[in-house]
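I opened my notebook for a friendly walk through this model. The entries follow in the order in which I looked things up.

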Amino acid sequence: MSRLKALRTPVFWVEGHPGTLDREGWKVEVKGLCSAPKTYSWHQLLELPQTVADARLTSVTRFSVRGLWGGVKLADILADVKVRPEARFVRFWSVKRVYDTSIPIRTALRDRTLLAHQFDGEPLEEDYGGPVRAFVPSLWGYKSAKSVVRIELMDRY
Ligand SMILES: Nc1nc2c(c(=O)[nH]1)N[C@H]1C(S)=C(S)[C@@H](COP(=O)(O)O)O[C@H]1N2
Ligand SMILES: [Mo]
């Protein structure tokens, strides 16, 4: 059993649980205000520098969970796609593209803002936003979009 499951943290999917997702076939498209837009395959994401953030996901519903969130710094991805100076917000789109949420670029560039695919060294399961989710510990949990398929760089909210 994964540690998140053992902790029995609440599982939120306002758009409905996505079911089983294809980890190996996962793709994350990065587009918008950048000079080198790119679609990352699962393996390309794993080839980027990996990091671990000891941090807490905190929901407005009064639960929080702290652990070692593993993944890629969003800052590294933004540098890789050559984010343009006029980009001011980063918008995440979840699988099925019903759930989307945006964060300011300065928050996106923080050290512990990740595209996360692990918790305490274990792969994230679908319940918790696997294969890969946004993890933004400096903002409320609803900004940490689960099962991200697209990241859009925008000049306004
Ligand atoms: N796609 C999607 N992502 C989402 C949500 C959601 O409903 N759908 N809920 C958000 C909210 S409100 C919180 S608190 C966290 C909860 O993460 P968890 O479901 O892994 O506990 O996910 C966020 N990401
Ligand atoms: Mo939440």
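I began with Pro-131, which sits in the loop between strand 8 (122-123) and strand 9 (133-135). I take helices (H or I, at least four residues) and strands (E, at least two) as DSSP runs, numbered from the N terminus. The peptide bond that joins Gly-130 and Pro-131 is cis, with omega about -5°. Next I looked up Arg-8, which is in the loop between helix 1 (3-7) and strand 1 (27-32). Arg-8 is not a glycine, yet it has a positive phi of about 55°. I noted both spots because most residues other than glycine have a negative phi, and most peptide bonds are trans.

**Entry: ground rules**

This is a predicted model, in which local features need pLDDT of at least 70 and side-chain atom pairs count only at pLDDT 80 or more, while totals for chains, interfaces and linings use all residues. Residues are numbered from 1 along each chain as its sequence is written, chains are lettered from A and ligands numbered from 1 in the order in which they are written, and side-chain values use heavy atoms, with hydrogens and water left out.

**Entry: strand pairing**

I then followed strand 1. Which strands does it pair with? Strand 2 (residues 38-41) pairs with strand 1 in the antiparallel sense over 4 bridges; I call two strands paired if DSSP finds at least two bridges between them. The hairpin from strand 1 to strand 2 passes through 5 residues, and Val-28 has Tyr-40 of strand 2 as its bridge partner. Strand 10 (residues 148-154) pairs with strand 1 in the parallel sense, over 4 bridges. There, Gly-32 has Leu-153 as its bridge partner.

Strand 5 (residues 89-94) and strand 6 (residues 100-104) run antiparallel and are joined by 5 bridges.

**Entry: ligand 1**

How many residues surround ligand 1? I found 18, the closest being Pro-10, Val-14, Glu-15, Arg-133 and Lys-146; a residue counts if one of its heavy atoms lies within 4 Å. For polar contacts I took pairs of N or O atoms within 3.5 Å. A polar side-chain atom of Lys-146 is 2.5 Å from an oxygen atom of ligand 1. The side chain of Arg-133 has an N or O atom 2.9 Å from an oxygen atom of the ligand. Phe-12 contributes a backbone N or O atom, 3.0 Å from a ligand oxygen atom. Ligand 1 taken alone exposes 530 Å², and the protein buries 95% of that (Shrake-Rupley areas, 1.4 Å probe).

**Entry: pocket and cavity**

The largest pocket holds about 400 Å³ of space. Its lining has 25 residues, with Phe-12, Arg-133, Gly-141, Tyr-142 and Lys-146 nearest its centre. By class, that lining divides into 15 nonpolar, 6 polar and 4 charged residues.

For terms: on a 1 Å grid over the protein atoms alone, a cavity is a set of points where a 1.4 Å probe fits but cannot get out, and a pocket is an open set with protein on both sides within 12 Å along at least five of seven lines; lining residues have an atom within 4 Å of a point.

I found 1 cavity of 30 Å³ or more. The largest cavity has about 40 Å³ of space, and its lining includes Ser-2, Phe-119, Glu-122 and Tyr-128.

Conventions. Points joined across faces, edges and corners; volume = space filled by probe spheres on them. Polar contact = N/O pair within 3.5 Å; in protein donor to acceptor, adjacent residues only side chain to side chain. Nonpolar A, V, L, I, M, F, W, Y, C, P; charged D, E, K, R; others polar.
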